Amino acid sequence: MFPFPVAPPDIPEVIKMVPLHYYLFLSTALFVIGIIGVLTRRNAIVIFMSVELMLNAVNLLLIAFSSYRSDPNAQVFVFFVMAVAAAEVAVGLAIIVMIYRNTRNTDIGFLKKLKW
Amino acid sequence: MSVSLLLLIPLLPFAGFLINGLGFKRIPNSAAGGLGVLAALGSFAASLYAFSLFKENGSETVIAPVFDWISVGTLNIPFSFQIDQLSLLMLLIITGVGSLIHIYSLGYMKHDEGFGKFFAYLNLFLFFMLLLVMGSNYVMMFIGWEGVGLCSYLLIGFWNRNTSYNNAARKAFIMNRIGDLGFLLGIFAIIAAFGSVEFSEIFAKAGAFSVGDPVIVTITLLLFVGAMGKSAQIPLYTWLPDAMAGPTPVSALIHAATMVTAGIYMVIRSNVLYSLAPVTLEVVAIIGAATAILGASIGLLQNDIKKVLAYSTVSQLGYMFIALGVAAYSASMFHVITHAFFKALLFLGAGSVIHAMSDEQDIRQMGGLRKHLPVTFITFLIATWAISGLPPFAGFFSKDEILAHAFAHNKVLWGLGILGSVMTSFYMFRLLFLTFFGEFRGTEAQAHHLHESPSSMTIPLIILAVLSAAGGFIGVPEVLHGSNQLAAFMSPLFEGARKVNPGLFAPIGLSHSTEYMLMGISVGAALLAAIAAYVIYVQRGSVPAPESVERRGLEKLVYNKYYIDELYEAVFVKPVRILSDVLWSFGEFVIDLFVEGFGALVIFLSGKARKLQTGFTGYYIFAMVLGIVLFLFWNLVVKHNSAFKDLL
């Protein structure tokens, strides 16, 4: 269906032990779990965890492609994503903590004052 | 005569205006008044000096260019001054009478909160009036012409908390604008015909036109429309009586002595053109005579002291136009001068009376004031005597000269002049007797308050009274063993006119006995009218009926000023109002429909669209996911799949 890149012949055997489409299925599954978690859960912390899951599904995919193409750029990129995600988690959790302190609640349905 | 001296004459009042106008409210009243008076006096001194220099240099016309102003194609309009007999006479009147009125205002306006503003406006008026008479071309005259109109507007509406005063100011301004349009068209016609606006160039080229040339007739008629507006002639005179809403010194300065004579100045200045157009001169004479009679007849029944004087001014301006119409230009100027003296005096005297009467202007409430206001009474008497044309005061000589010329030209014109003079004498003595003789008819409070005005007001009255008494001696006619110095002084002005139309200036050829007879008739008639007024208002002591009494027939017609105001209201004002209402409602409806419609549409649509913002976080996330899915579907599936090719 999609024109997948053909793996170059000189990649090590140990990497070829797990085919690329396994990684693809795994990260897609993780990503969909994350989306469903975000859409269905109402607890802010769980939604947050689901977002992290989606983020890491993408990271995993990046790493897999990078290995199969013998291209280290994506691995560097993933480190950046992880660093930024860590910073984002710090800020996001701090916000959730503040919301909890003020409302004794982390239900996103509860915070709906910002509207028309 | 240096340019700097000439520049000083208008610039002194302008400096006074700038200082008083910009520093209004910060400059104490004493300083503001002193400054205004000093500016006027300084200008007067400079004018006197210019006059003496002019005499010394053998009465040569001086044209002093200040700077190049407008230069378009072949048309060149310099900013320059022309000093000759005519502008010098006007300069002396404007600055001389103007200074006296400034001094008078010190006393009259003392308790007014707008004291500094008043002096700023007066000085600005002087500036524009001086520009008007000093300019060496029609465009500079026009600037002055518009400027004095503006000052007139500002000063009529000086007490701007009163709506009817504001309306009077607007009326004056609008009627003047109608005249100004004629004047402006006249200037354009001059540019088209002569390619220049400089007096000296135009009058030099005028010789090329024959007498009665339609181009010249058109130009002079258009210019005369301007004069009608500014000098309050039929049909544009109704603003002048209403202009009495302004403070009394303003009435004296602007609406009696100076601004309203601008039209006469303009005609005398353009005498070469007017002499080439006998048709226009006839029109001028007829309108002048009609205005003289109309103004005087309305004056007969007015009961407001300033209104009587206003109609008297309209009537006297009519006399000046009669003189212009019979090409007696110097006689007209003579009347301008004497009228400036006695009419300013009458207005200032009236101001003194109003001041003493606690702002009462109705002569039915006055009476017996001569005991309380002796100086005002004597000066007012002199002025009344002068305006009535009784010898030996100023009005006699000037009016007599006009009537003699009118007689030589056309007997009917003379008859109308005599009729006007009889009425003038009657209404002026009526005013005098009702105000100063008999018993006091006002309230107790007013009687208690009666007092002679302070010396700052009486001294100008006395000086003007002397001038009104003696001012006529500058033009004693030859028949009375005088030499008519004024006519001799002014005669170089009319040399150009004499060259282009010699027939107009033929000696009037009245024998001495005829002249004596004419004088006898006019003096006798005026005296009879004065005696009649004495019998009615002093001996019988009758007082005009109060407002509530129903008047009948002719009396009602005259008392209501021939319903001219009502006529104009119905014929001009109402239709314009209706038209503007229609246009306004058109704008209100069509334009507002567009503008407000767009606004309403945006408000409506955004009112719907904002409901999308529900505030539920889950909803936003769902929308986001849906968006991403659609986006991916489009980019990855639709774009690359042949199954969808037909759709694209």
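Here is a short tour of a predicted model.

**Stop 1: where the chains touch.** Show chains A and B together. Eleven residues of chain A contact eleven residues of chain B. On the chain A side of that contact you'll find seven nonpolar, one polar and three charged residues.

**Stop 2: a helix pair in chain B.** Select residues 305–325 of chain B, which is helix α14, and residues 394–409, which is α17. Their axes are 9 Å apart and meet at an angle of about 45°, so the two helices are oblique to each other. The crossing is left-handed.

**Stop 3: two cis prolines.** Go to the loop between α16 (374–387) and α17 of chain B, where B:Pro392 sits. The peptide bond from B:Pro391 to B:Pro392 is cis, with omega near 5°. Then jump to B:Pro235, in the loop between α8 (214–230) and α9 (239–242) of chain B; the bond leading there from B:Ile234 is cis, with omega near 5°.

**Stop 4: positive phi.** Pick B:Ala327, in the loop between α14 and α15 (329–356) of chain B. Phi is near 65°, and B:Ala327 is buried, with 24 other C-beta atoms within 10 Å. Finish at A:Arg104, in the segment after α4 (73–103) of chain A. Phi is near 55° there, but A:Arg104 is exposed, with 8 other C-beta atoms within 10 Å.

Terms used:
Residues numbered from 1 in each chain as written. Chains lettered and ligands numbered in written order. Predicted model: local features only at pLDDT ≥ 70, side-chain atom pairs only at ≥ 80, totals over all residues. Contact = placed C-beta atoms within 7 Å. Nonpolar A, V, L, I, M, F, W, Y, C, P; charged D, E, K, R; others polar. Axes fitted to C-alpha atoms, helices over the stretch in contact; angles between N-to-C directions. Helix = DSSP H or I, 4+ residues; strand = E, 2+ residues; numbered from the N terminus. Parallel < 35°, antiparallel > 145°, perpendicular 65-115°, else oblique. Left-handed = near helix turned anticlockwise from the far one by under 90°. Buried ≥ 20, exposed ≤ 12 C-beta atoms within 10 Å, placed from the backbone.
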